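These are my notebook entries on one structure. I set down what I looked up, entry by entry, beginning with a single pair of facing residues.

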Amino acid sequence: MTPAVEFRGVSVHFGQTCALSPLDLTVARGETLAVLGPSGSGKSTALKALAGFVRPSAGRVLLGGEDVTDLPPHRRGLGVVVQSYALFPHLRVDGNVAFGLKSRKAPRAEVTSRVAEVLDMVGMGAYAKRYPRELSGGQQQRVAIARALAIRPEVLLLDEPLSALDAALREDMVAELLRLRAELPDTTLVYVTHDQGEALALADRIAVMRDSRLVEAGPCERLYHRPSEEFTASFLGASNLIPVEVIGADGPKRVTVRLGDRELSAEPTGALADGAKVALGVRPHRVGVRAASGGGTVPARLTGVQWRGSGFRLDLELTVDGMPPSAVRAEVPTVDGLPGVGEPVGVSIPDGCPLVAVRA
Ligand SMILES: Nc1ncnc2c1ncn2[C@@H]1O[C@H](COP(=O)(O)OP(=O)(O)OP(=O)(O)O)[C@@H](O)[C@H]1O
């Protein structure tokens, strides 16, 4: 089927600065793609190239199979929501939401019914006559989403739509976006965020970006549990990357690795070339910490303890003979029975963690 969105070798330069290295990426109709990456990784630039706000230096942008690279933003038929709400301050809520329909010369009756419909969709039906300044941040962002949806776009672009809101409100808004998503099964969503929680909650697939490049793209579950790239493992789920030595393959999906004098079974996430430097990706909550080393544990030193309310974050340094000290983070429910900071401890790592090939 023709993809709803297609980037074909799209790159963007601002003078000497490369803001987007050639990007090849497709989004299927009805799919939610999260574009995830740290600040300055090129996420917004990719979205702006798609929306028509910046012109690619090379490559083509296609919507529904049609090349729109040379079309201005308003002729691309996209809905766009940005971080800063960008509502028109002099227009009431209904005026803001009607704006796109009026500029498309929609009949008055259609404008009225559609405005009421989308405001209800985002739970803002009772606020139609307010001005943006009379609304909270979360309410303004709901209106911005309603405004973007009013023209029934096939593709809705959201650029960090929740980042101006406080943490509790962001979680409520994610739940609302999921509900809205279910009401619009055919609409394609491209959601730019630096927040992995939002990406995992909302997206079908994630495109991970770093340094103006696409690192890898794939279904959320695959990227979270079996990332191919070291950066994905550390950024998505804050995996520890523990250097290990591969000592044998037990089939295509299992290899045995050695960490000190411990042998562990691990799951490879891609082809392992001879001599590849590999790391075991271990989430902090899967790292076990005990008082003394021995008994199947890896020797380590406790370097820091932080109480986080629901549990503790422990910073550790693996002290394996023949290996440089390696920092590891653990999340544990209790520190009862553990020695103080600076003391030796034993770290246990479960079988079945993904093995990430690290390029030398
Ligand atoms: N108008 C511009 N002129 C020059 N450089 C730019 C411009 N816009 C972006 N860049 C640069 O391009 C790179 C990618 O920026 P971009 O805004 O796409 O990143 P981002 O991942 O969206 O970051 P953030 O989450 O901070 O918005 C950055 O190095 C940025 O400084």
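**Entry 1: the strands around S11.** I began with Val-246, which stands opposite Val-257 in strand S12. The two strands concerned, S11 (residues 240-249) and S12 (residues 255-259), run antiparallel and are joined by four bridges. The model is a predicted one, and I read every entry here with that in mind. I then looked at the turn of this hairpin: five residues lie between the strands, and Gly-251 takes a positive phi near 120°. Next I asked which strand S11 joins through five bridges. I found that this partner is S14 (residues 277-282), and that S11 and S14 run antiparallel. In that pairing, Ile-242 stands opposite Leu-280 of S14. As a reminder to myself, strands of a sheet pair through backbone hydrogen bonds, in either the parallel or the antiparallel sense.

**Entry 2: the whole chain.** I stepped back to the protein chain, whose secondary structure comes to eight helices and 20 strands. Its C-alpha atoms fill a box of roughly 75 × 45 × 40 Å along the principal axes. I noted that 38% of the 360 residues count as buried. Among contacts with a separation of 6 or more, 66% are between residues 24 or more positions apart.

**Entry 3: the domains.** I took the bounds from the domain assignment, which gives domain 1 as 5-230 and domain 2 as 238-358. How far apart are the centres of the two domains, taken over C-alpha atoms? I read 38 Å. For the interface, I found five residues of domain 1 in contact with nine residues of domain 2. The side of domain 1 that touches domain 2 divides into one nonpolar, two polar and two charged residues.

**Entry 4: the six-stranded sheet.** I traced an open sheet of six strands in the order S6-S7-S8-S3-S9-S10, with mixed pairing. Strand S6 (79-81) and strand S10 (213-219) are its edges, each pairing on one side only. Neighbouring strands of this sheet are turned by 15° against each other on average, direction ignored. I then examined the pairing of S6 with S7 (residues 155-159), which is parallel and runs over three bridges. Within it, Val-81 has Leu-158 of S7 as its bridge partner. Helix H4 (residues 137-149) packs on the sheet and touches S6 and S7. The direction of H4 makes about 165° with that of S6.

Entry 5: I looked for the location of Arg-152 and found it in the loop between H4 and S7. Arg-152 has a positive phi of about 50° although it is not a glycine. Is Arg-152 exposed, partly exposed or buried? I recorded it as partly exposed, because it has 14 C-beta neighbours inside 10 Å. Glu-160 lies in the loop between S7 and helix H5 (167-183). Its phi is near 45°, again a positive value in a residue other than glycine. Glu-160 has 19 C-beta neighbours inside 10 Å and therefore counts as partly exposed; a residue is buried if the count is 20 or more.

**Entry 6: Ala-106.** I placed Ala-106 in the loop between helix H2 (93-103) and helix H3 (108-121). Why does Ala-106 count as partly exposed? I counted 16 C-beta neighbours inside 10 Å, so Ala-106 falls in that class. Leaving aside neighbours within four places in sequence, I found Ala-106 in contact with Leu-101 and Val-111. I also checked Ala-106 against Val-118: the two are twelve residues apart in sequence and 15 Å apart in space, C-alpha to C-alpha.

Key
Residues numbered from 1 in each chain as written. Predicted model: local features only at pLDDT ≥ 70, side-chain atom pairs only at ≥ 80, totals over all residues. Domains from an automatic or database assignment. Contact = placed C-beta atoms within 7 Å. Nonpolar A, V, L, I, M, F, W, Y, C, P; charged D, E, K, R; others polar. Buried ≥ 20, exposed ≤ 12 C-beta atoms within 10 Å, placed from the backbone. Pairing = 2+ DSSP bridges. Axes fitted to C-alpha atoms, helices over the stretch in contact; angles between N-to-C directions.
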